[in-house]
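Hi,

Here is the structure I promised to pass on.

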Amino acid sequence: MTGGARTGLICVEVPDDSLFGPENLPYGVFAPPAGEPRVGVRLSDTVLDLAALLDDPIFLRADLNALLAAGPTRWREVRDQVRELAGTALPVDAQFPLSTVRMKLPVRIGDYVDFYASVDHATNLGRLFRPDSEPLLPNWRHLPVGYHGRAGTVVVSGTPVIRPNGQRRTGSDAPDFGPSQRLDIEAELGFVVGQGSTLGVPVTVDEFSEHVFGVGLVNDWSARDIQAWEYQPLGPFLGKSFTTSLAAWITPLDALANARVPLPTQTPKPLPYLRGSDDHGLDIDLTVRWNDEVVAHPPYGRMYWSPAQMLAHLTANGASVRPGDLYASGTISGPDPDQRGSFIELTWGGTEPVTVGTETRTFLADGDRVTITATAPGTAGRRIGLGEVGGTILPAR
Ligand code: CA
C-alpha cells in the first residue's frame with residue numbers, strides 16, 4: 001500500500017488463544033496515524049473505528065464520556081452491534097493495527113476515589129506502618145475505607161512517571177525535601193462510572209450495573225516516604241497525587257459475566273445499605289512485571305469489599321457520581337508473599353529485597369518499568385485479557 005485510499009473488506013484475524021477475542025471487546029480512545037482521536041474497540045491486535053463502523057457521532061470524540069452517559073441500554077446495543085460486526089468482513093479503512101495507533105486516556109475523569117478493599121493489603125500495611133497495634137483499624141470491617149484522589153493526574157498507560165519530590169522524615173527532628181527514595185506501585189482495579197446519579201440520592205448495591213460501565217487496570221504510584229510522614233491525621237495527599245496510571249482499554253462489565261464469584265464471608269455482617277441481593281466479586285488474576293521479571297500475581301477474587309459495595313458507600317451520604325468518574329479498588333494483595341500488589345509489601349518495608357533481572361531492588365529505581373496485566377474467565381473455558389497498565393520511572397526534576 002502506498003498511501004492511497006484503503007478500500008475493500010477483510011475479516012480481522014483472531015488467533016484461537018487471543019485474550020482479546022470477540023467475547024472481550026474493550027473500549028478505548030485511539031489516534032490513528034492520520035486523523036483525530038476517536039473511540040475504538042480492540043479485537044485481537046486490531047483497533048476497530050466505531051465512528052466509521054456505526055456512524056454515530058458519540059464515537060467521534062476523544063473520550064468515552066458520551067457513550068458512558070448514554071446508559072446501559074445503549075451500552076448493550078453497541079456491544080451487540082460490535083459483536084455481530086466482529087465476525088464479518090469489515091471495511092479496511094475502519095481497521096488499524098494496534099501498533100500503528102496512539103492510545104489516549106480513554107475517559108475524561110471528573111472525580112477519582114481510591115479505596116482500600118483488600119483485607120490482606122490492609123493487614124500488611126497496618127503491620128508495616130503501625131507495628132505496635134492491631135493491623136486493621138476498628139472501622140475497616142464495617143465500611144470500605146477510601147479517600148478522594150486527584151483526577152487531573154490520572155494518565156494513560158505508557159505515560160512516563162516522574163519521581164516526585166517531597167518532605168521526607170530524617171533521623172533528626174526536622175524533615176528534608178527531595179526525591180522520594182521509596183517509590184512504589186499499587187496494583188489495582190479501576191471502575192469507570194457510566195450513567196451518573198442524582199445529588200442526594202444514594203446508589204444501592206443492586207443498582208451497580210446500571211451505573212458502572214466497565215473496568216480498567218490501575219497503577220496507583222505511591223511515594224512511601226512522603227506518605228508515611230504526611231498521612232496523619234487526614235490521609236494520603238502528595239505521596240499519591242503526582243501520577244496514577246489507567247489502562248488504555250476499558251473492559252465492559254458484560255464481558256466479565258463469567259468472572260463473577262461469591263464474596264468472601266464478611267464478618268461482621270455489613271450494615272443494610274452495604275448489602276444487595278446479587279452482590280459479587282470478580283475472579284481476575286493480575287500479573288506484575290518489574291523490568292520484565294514477574295514479581296507478583298495479585299488475585300482480585302479475594303477482595304473483601306465488592307465493587308457494588310464501594311459505589312454504594314461512596315454515594316451513601318448523597319454524593320452523586322457523573323459519567324467518567326473513576327474509583328479504584330485499592331491495592332490487590334493475597335495472603336501469599338507472591339500475591340502482594342505493592343513493593344512495600346513484597347519487600348516487607350524494604351527489609352527483604354527482591355531479585356529483578358540481574359539486580360536487587362527494594363523500591364523503584366530511575367529507568368525501572370512496571371507493567372501490570374490481568375486475565376479473567378471468558379466463555380467456553382477461554383480467558384479474556386484486560387488491557388495492560390505500564391509506566392517507566394524518570395528522574396526527579
Ligand atoms: Ca491506592
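Let me begin with a sheet: five strands form an open, mixed arrangement in the order 11-28-27-22-23. Strands here are DSSP runs of E with at least two residues, helices are runs of H or I with at least four, and both are numbered from the N terminus; two strands count as paired if DSSP finds at least two bridges between them. This is a predicted model, where local features need pLDDT of at least 70 and side-chain atom pairs count only at pLDDT 80 or more, while totals for chains, interfaces and linings use all residues. Residues are numbered from 1 along each chain as its sequence is written, and side-chain values use heavy atoms, with hydrogens and water left out.

The sheet's edges are strand 11 (161–162) and strand 23, each pairing on one side only. Strand 11 runs parallel to strand 28 (residues 383–394), joined to it by two bridges, and Ile162 has Leu394 as its bridge partner there. Val288 is bridged to Ala296 of strand 23. Two residues separate the strands of this hairpin, and Asn291 has a positive phi near 50°.

Next, the metal site. Asp114 (OD), Glu186 (OE), Glu188 (OE) and Asp220 (OD) coordinate the calcium ion at 2.2 Å. Donors are N, O and S atoms within 2.8 Å of the metal (3.2 Å for Na, K and Ca), and since water is not among the atoms, sites may look incomplete. The donor spacing in sequence reads D-x71-E-x1-E-x31-D. Glu188 sits in strand 15 (residues 187–193) and Asp220 in the loop between strand 16 (212–219) and strand 17 (222–223), so this pair ties together parts 32 residues apart in sequence. Glu188 is buried at 0% relative accessibility, and Asp220 is also buried, at 0%; buried means under 20% relative accessible area (1.4 Å probe, protein chains only).

Best wishes

Terms used: Buried means under 20% relative accessible area, exposed over 50%, partly exposed in between (1.4 Å probe, protein chains only).
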